[in-house]
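Good morning, and thank you for coming. Please look at the sequence and the structure together.

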Amino acid sequence: MTLLKHFHLPDDCSPMIRETYDYWVSIHPDEGLPGRQHFDPLDILRLSSHIWMLDVEYEPLRFRVRRMGIAIVDFMGSHDPTGRYLDETYPNFESAGVRKHLEHAVKTGMPTFRRGSAVLVSRKKYVTSERIILPLASDGEVVDTLLNLTCFQDESNADYVENFG
């Protein structure tokens, strides 16, 4: 876990981001990365509407939606993309910054954090969004799943939890 010393969340990040990161650290084995087998969604059930998981496929590197929380689907104003590839679902995915962050997590095995405006499409208007991408590797080395949480804040900096959590 020595690589984690190089990753720091901002002190003022969303409590949902902090809780998700702390959970990921808690399931992190002494050697290598945690895998899907370490992740129990019931442990962070209250965050489930904001969690989205991706299966990582190689050659070429692609991301298939394993799970998309209802708050994310609602925010995006689209159908549930579970089972589809991100590049097929979101037309500007290849040029969006989120792809670079996903690739970074896959290649380095390190989390990524972003705060800013919504990157892809949205039918709702919020001031900022925060996203954390956490790599999972069944064998402890090769990232095969990405555990992600995105939350949205309005003008008062309140997290968007509208009827979801």
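I shall speak about cysteines and then about salt bridges.

This is a predicted model, in which local features need pLDDT of at least 70 and side-chain atom pairs count only at pLDDT 80 or more, while totals for chains, interfaces and linings use all residues. Residues are numbered from 1 along each chain as its sequence is written, and side-chain values use heavy atoms, with hydrogens and water left out.

How many disulfides does the structure hold? There are zero, a disulfide being a pair of cysteine sulfur atoms within 2.5 Å. For Cys-13, the nearest cysteine sulfur belongs to Cys-151, 8.2 Å away. Cys-13 is buried, at 8% relative accessible area, and Cys-151 is buried too, at 0%. Here buried means under 20% relative accessible area, exposed over 50%, and partly exposed in between, with a 1.4 Å probe and protein chains only.

Let us turn to salt bridges. The structure holds eight; each is a side-chain nitrogen of Lys or Arg within 4 Å of a carboxyl oxygen of Asp or Glu.

One of them joins Arg-66 to Asp-55, with the closest N and O atoms 2.8 Å apart. This pair links strand β2 (residues 62-68) with strand β1 (residues 51-57); strands are DSSP runs of E, at least two residues, and helices are runs of H or I, at least four, numbered from the N terminus. Arg-66 is partly exposed, at 35%.

Another bridge, 3.0 Å from N to O, connects Glu-130 and Arg-115. Glu-130 lies in strand β4 and Arg-115 in strand β3, 15 residues apart. Glu-130 is buried at 3% relative accessibility, whereas Arg-115 is partly exposed at 35%. Through shared partners, salt bridges join Asp-12, Arg-115 and Glu-130 into one network.
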